[in-house]
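My plan is to go through chain by element and jot down what I look up as I go.

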Amino acid sequence: MALTDKDVKKIAKLARIRLSEAEVTHYAGEINGILKWIEQLQEVNTEGVAPLASVSQQALPWRADVVSDGNIRDAVLKNAPMQNYGCFAVPKVIE
Amino acid sequence: MMTAATHMTLAEARDALKAKKISSVELTQAHLDAIAKHNPALNAYVHHTAEIALAQAKAADAKLARGEAGLLEGIPIGVKDLFCTKGVGSQAASHILDGFKPEYESTVTSKLFNEGAVMLGKLNMDEFAMGSANITSHYGHCINPWKSKTAPEKQLVPGGSSGGSSAAVAARLCFMATGTDTGGSIRQPAAFTGIVGIKPTYGRVSRWGVIAFASSLDQAGPMTRSVRDAAISLAAVSGHDPKDSTSATLDVPNFEAALGQGVRGLKVGIPREYRMEGTHPEILAAWDKGVAILKAAGAEIVDVSLPHTKYALPTYYIIAPAEASSNLARYDGVRFGLRVSEEGDSLDDLYEKTRAAGFGAEVKRRILIGTYVLSAGYYDAYYKKAQRVRALIAQDFKTAFEACDVLLTPTAPSDAFAIGDNSQDPVAMYLNDVFTIPASLAGLPAMSLPIGLSSNGLPLGLQLIGRSFDEATVLNAADVIEREVGTLAPEGY
């Protein structure tokens, strides 16, 4: 099943990447090529096989629910493209 | 003297420092001079940290004088741009991280500095570690110091994504460089430049502070000019880290002490599925050479099967982009790096314009694919399916390791290619990682070491894959091959 330009636009919107019309067509072609190649996985019989999300052999560790870091506001903000009043600043979101 | 200083191995430099035959400041200055001379043509270093290096070298000399040397005391190294280094540019070779200077130090670089390493600078790479040729970097291509005998005018790729690391180590612009490997990004560039690179077992080395690509696959590891150097460096960066929830709570063996034990009685598996149709005869001949060396040294060669090998690449190209699309969601122009927006823009405009301008074409394509395979309606057909096939691939290795102790395969299907080759069709470029990706999906330790030169006069690598957390056996088998074939170095450096 091939991806249309409309599908690519929808994915790009979900991914928050603005694409030009020419880029949409370009990526549709490339992604369809890759998806067609990936289709070969459908020939593998995976009935009864549990999905493997991580190869880590240990259970996720627990730690005490206590503050372990903090009071570093200025360090956190140091790389912000824009900041105001000790906060990250973005364009107005409420009209 | 100064030329020879950069030509030592890391182990030789360590011993010379301890014996006070040379100082770390002298060693560091020799490398800074070599970088000044060769880096403009190679574009391996993208951030230069000479001041930090000389300060660290002075401190190392003081510690050496007091007899308090760490594992890498006074050793000049390079750091892949993917590692966050406090107060030093860390861009993952991406425009979207313009100007980013972390306020923290990655666990790997912290450990290296605690052991006395000296940082010469940050190294080029494919953007966000996505690529096999170091041609997707915002800093421009990195060039392989090797030249083809048959086409010496061509600029060759150093492999990727750790291309700056491989080029710098091969050109003697550092004794060791950190690399990261998600699907082959340490091993394939090591093969293309005639050096040694080890991807440790998933969980052996902390991922904390390494800019994430695909979190279930990413592992950091050292790239060096000898197997012993890899063993020394791996010990320095390994170990449990509470800041990485997947970091293994196992003790770190003395990897250097594991060398030199020979391979008598060791069962070396040769996976028959890696003898793929169309593989270049030179690659197969190099593989046979490795088999013959291990056999002559007393190893038992065992034919094994990894039946799902051909499905590893398509599985990877679902799982890695899916994880990347999620990891790279954080680059939104709000907290760090690039911001693109104009007066009157909405927050959505800011996100979309920043990400459009900040990411390169390869990264965008992978984010789009990842977003698609995770989206409602396609999740089961693509992502879940890939995770099931990944389980079968991991099981293949478990079964194979019932019959053998280590696997020997080629590292890459060709020698280093020219810039521009393989770049029209994404799938053709992805095939570079056909031999390295299966071990990544299974989380196993795997390393590449040089086996000899192709008819073009270019390095070829072999890959050794071990059982989970058995890097020691991998390094020891590599040491046996290296004793037979020696190490490689390009001319003119």
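Before I start on the helices, a reminder to myself: helices here are DSSP runs of H or I with at least four residues, numbered from the N terminus. I also keep in mind that this is a predicted model.

**Entry 1: a bent helix**

With that in hand, I looked up what comes just after α3(B), and found that B:Asn43 takes a positive phi of about 55° there. Going back into the helix, I see that α3 of chain B, residues 24-42, bends by about 40° at B:Ala36. A proline, B:Pro40, follows within four residues of that bend. I then checked burial along α3(B): the buried residues include B:Leu27, B:His31, B:Leu32, B:Ile35, B:His38 and B:Leu42.

**Entry 2**

In what order do the 11 strands of the open sheet in chain B run? I read β1-β3-β2-β4-β6-β5-β10-β11-β9-β7-β8, with mixed pairing. The edges are β1 (45-48) and β8 (300-304) of chain B, each of which pairs on one side only. From one strand to the next, the twist averages 30°. I also noted that helix α8 of chain B, residues 227-237, packs on the sheet and touches β4, β5, β6 and β10 of chain B. The direction of α8(B) makes about 145° with that of β6(B).

**Entry 2: β10 and its partners**

I followed β10(B) next, residues 446-453. Six of its eight residues are buried, so I log the strand as mostly covered. On one side I find β5(B), joined to β10(B) by three bridges in an antiparallel run; here B:Lys199 stands opposite B:Ala446. β10(B) also pairs with β11(B), residues 459-466, in the antiparallel sense over seven bridges.

**Entry 3: two crossing helices**

I looked at α10 (residues 312-327) and α12 (residues 361-374) of chain B, which pack with their axes 7 Å apart at an angle of about 100°. The two are therefore roughly perpendicular to each other. Among the contact residues are B:Ile318 and B:Pro321 of α10(B), and B:Ile367 and B:Val373 of α12(B). I count the contact as the list gives it: eight nonpolar, three polar and one charged.

**Entry 4: meeting chain A**

Last, I turned to the other chain: 54 residues of chain B are in contact with 39 residues of chain A. α10, α11, α12, α13 and α14 of chain B each give two or more residues to this side. Which element gives the most? I found α13(B), with 10 residues. By type, the side of chain B that touches chain A divides into 26 nonpolar, 14 polar and 14 charged.

Note on methods. Residues numbered from 1 in each chain as written. Chains lettered and ligands numbered in written order. Predicted model: local features only at pLDDT ≥ 70, side-chain atom pairs only at ≥ 80, totals over all residues. Bend = angle between axes of the 7 residues up to and from the residue. Buried ≥ 20, exposed ≤ 12 C-beta atoms within 10 Å, placed from the backbone. Axes fitted to C-alpha atoms, helices over the stretch in contact; angles between N-to-C directions. Parallel < 35°, antiparallel > 145°, perpendicular 65-115°, else oblique. Contact = placed C-beta atoms within 7 Å. Nonpolar A, V, L, I, M, F, W, Y, C, P; charged D, E, K, R; others polar. Pairing = 2+ DSSP bridges.
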